[in-house]
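Here are some notes to read alongside the model. I have kept them as numbered points so that you can check each one on screen.

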Amino acid sequence: MDFTFTEDQMLFRESVRDFLVHEVTPERIRASWETATGRDPALWGQLAELGLTGMTVPEAHGGLGMTELDFVLLAQECGYVALPEPLVHTVLVAVPMLRDIGGELAAQWLPKIAAGEAKVIVGLQQNLLVEDAHVADLLLLQQGATLLAATPEQVRLQHNESIDPSRKLFAVEVLQGARTVASDICAATLVADALNRGALGCAAQALGLAQRMIDLSVRYTSERQQFGKPIGSFQAVKHHMANVAVRLEYAKAPTHRAAYAVAHGQAVAAHAVSHAKLVACEAANLAAKNSHQVHGAMGYTWEVDLHIFMKKAWALANTWGDAGFHKTRVGEHIFAAGAPLGAGATFA
Amino acid sequence: MDLAFTAKQQVFREQVRDWLAANVPAAPLRSFDTAEGFAQHRQWEATLNKGHWGMVTWPEALGGRGCDLIEWLIFEEEYYKARAPLRVNQNGIFLLGPTLMEYGTKEQKARILPKMATGEEVWAQGWSEPNAGSDMAAIRSSAKLEGDKYIINGQKTWSTRAVWADWCFGMFRTDPHSARHHGLTFILVPLRSPGITVRPIPQLDGLPGFAEIFFDNVEVSIENRLGDEGAGWSVAMATAGFERGLMLRSPARFQETARRLVELYTTNRASADGDPAVKDAVLRAYLDAESYCLTTYQTACRLNKGGKIGAESSTNKIFWSELDQSMHATAMSILGARAELLPHAPAAQGVGTWLNGWLFAQSGPIYAGTNEVQRNIIAERMLGMPR
């Protein structure tokens, strides 16, 4: 039993955090809102150079051959800066799906992803829309019981604008020429795994988002003065943030456990992911609510950075399975006859 | 990261399980807040100690097994699964014990810990005073050094287990000119000393689970001072840290409550689903109990590798106390009109021990430092908000 990260994993996190906080500033995110795609090829190139786009790409295909567990702390850091680029999607969803499909498709696309030369995006029916379909070089799309691979020419995209300007969402209509890469049970397994990985990515980013909103709020309430002192010295304000800290603190281990379960293909993975997504997104939503409250009217403005993180937290809670979906899965697990519950059952 | 138990840990678990299966009393003991129940629980501590299960994390020389925190969590899991008796000496073994290990002299450890482990000496705590509750630095009870004795005067209150306990520990003002957390000294006091009056205070269940202690020129040998004179505050903070932190409330207790809650819900589903909030509350109870377990394991592994526990122990106390309260509140709503009935009432089928748990859960957000104080600590020391 060792529920800690290795020194290498911690160091990698430190260096990625330094990079992201320095490069992906709120100013740069705001600038991306003004561009045609909202995506920044230069930044994507930098992420590839750091080895991040190829983290889960097998070494044979030019990647680092690492696991979901190696990436989970980095996904938290992506959340911390509200990274608009589809890095979490690439590492946790697209690459593992390609890796599991294998064969020619994997051989063709994985090296390009690792090199930062291509983006592959996965669209599941569980999600209403497909994120970042407009920058995809290849789309892997669930269509009923089959999984299709489509090039940009083989689809028609309809943009759906989100309240979060960083999120680029599309309805995807498949035209002629897309080819089937998996069907029936095979496709269902790929889709189920992708959904768990996508939900894990949401959970990890939610942890980072919650931490960022706490940090912004602590800074703001330490500076903002009313009644002759910083508002952060008032208990009512303190307790708002302490409540967030409590929920956040207890959402971390479930998320790390979910990453471990996914990386090791454990039977408990789906359930562990649902647990993680529920508690991490709840923590982020509470962070959004309470951070907004302590920011007062400033938090209601476009100008103050809080909404960059708040809106992303709101959105993540309802994608890759909303609370209803994940609670239903947890319910199926615990209300079943003979369910493994109680002391000693957690790691059994 | 490796989330599987080692073969050694599995063997340890089986060893604990087998011993408990052979030794846990078949009939539940009476409450340790009755004279008879207290004696039964003291006897159980002796039985535990005979099997070297009294405090598994202690060194073997002191009656323990030198277990690490993971083994301790395993022990607790098996202990709660076996429905073994509550620990009457928890103030001693979970709070004072670890503090003694850190601050006690060799002589004090040798004199106090073995008798604590056997239950021969049961400990009460003497933190609060009538005017020093959440504001513990307002302590006024005094201790004056005369020769090799302290002369203690004053009053402590809300002293858990003090009615039948043998000793109490607490802070006393040794410097009459000092203020706040300066000039306080941590002293261990035999409760049978002349000059001590213990006045029982009945709790919500009508039983005297705590008491007031009056000190009238009570003489205590200087060898019962823990740490230096005037250093009481930092010694006490270590104890409070253990209390809020890992030791006092291991996850097993709450996971078993969550399991029983799922069971209560599934057996009463037809009526319980009348309130759609109940199912969600049961789910949440399960998730939070699991989160508490996972987080505790993660912290324990970190501590095993030499990490330290800091202000995050305040998040711990808020989390488990509010979880316990909400789990029992949910059980009360499932039980409906039966919820208020004492277990022996004729119409009280299926009420189990929920009412008792519900009453006790009310104390969680208050003892060991109120949750409001914990929130201040989190905001100021963990998040760095201004004072």
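1. Two strands are said to pair if DSSP finds at least two bridges between them. Helices (H or I, at least four residues) and strands (E, at least two) are DSSP runs, numbered from the N terminus. With that in hand, strand E1 (residues 120-123) of chain A pairs with strand E3 (residues 138-143) of chain A in the parallel sense, over 4 bridges. Within this pairing, A:Ile121 has A:Leu139 of E3(A) as its bridge partner.

2. A word on conventions. This is a predicted model, in which local features need pLDDT of at least 70 and side-chain atom pairs count only at pLDDT 80 or more, while totals for chains, interfaces and linings use all residues. Residues are numbered from 1 along each chain as its sequence is written, and chains are lettered from A and ligands numbered from 1 in the order in which they are written.

3. On confidence, pLDDT is the predictor's confidence in each residue, from 0 to 100. Chain B averages 94, and 97% of its residues score at least 70. For the complex, the predictor gives an ipTM of 0.97 and a pTM of 0.97.

4. Back to E1(A): are its faces covered or open? Both are covered, with A:Val120 and A:Val122 buried on one side and A:Ile121 and A:Gly123 buried on the other. Here a residue is buried if 20 or more other C-beta atoms lie within 10 Å of its own, exposed if 12 or fewer, and partly exposed in between, with C-beta atoms placed from the backbone. In a regular strand the side chains alternate between the two faces of the sheet.

5. Chain A also has an open sheet of 3 strands, in the order E2-E6-E5, with antiparallel pairing. Strand E2 (130-131) and strand E5 (155-161) of chain A each have a single partner strand, so one side of each is left without a neighbour in the sheet. E5(A) and strand E6 (residues 168-174) of chain A are joined by 7 bridges in the antiparallel sense. A:Asn160 stands opposite A:Leu169 in E6(A).

6. A:Gly102 sits in the loop between helix H5 (87-101) and helix H6 (103-114) of chain A. A:Gly102 counts as exposed because 11 other C-beta atoms lie within 10 Å.

7. Chain B has 12 helices and 8 strands. Its radius of gyration, taken over C-alpha atoms, is 21 Å, which agrees with the value near 21 Å for a compact globule of 387 residues; the globule rule is 2.2 Å times the number of residues to the power 0.38. Of those 387 residues, 46% count as buried.

8. Helix H10 (residues 313-335) of chain B spans 33 Å from first C-alpha to last, close to the 33 Å expected; the expected span is 1.5 Å times one less than the number of residues. H10(B) is mostly covered, with 17 of its 23 residues buried. After H10(B) comes B:Gly336, with a positive phi near 60°.

9. Finally, the interface: 42 residues of chain A are in contact with 46 residues of chain B, where contact means C-beta atoms, placed from the backbone, within 7 Å. H8(A) supplies the largest share of the chain A side, 15 residues. That side divides into 24 nonpolar, 13 polar and 5 charged residues. Ala, Val, Leu, Ile, Met, Phe, Trp, Tyr, Cys and Pro count as nonpolar, Asp, Glu, Lys and Arg as charged, and the others, Gly among them, as polar.

Technical notes: Contact = placed C-beta atoms within 7 Å.
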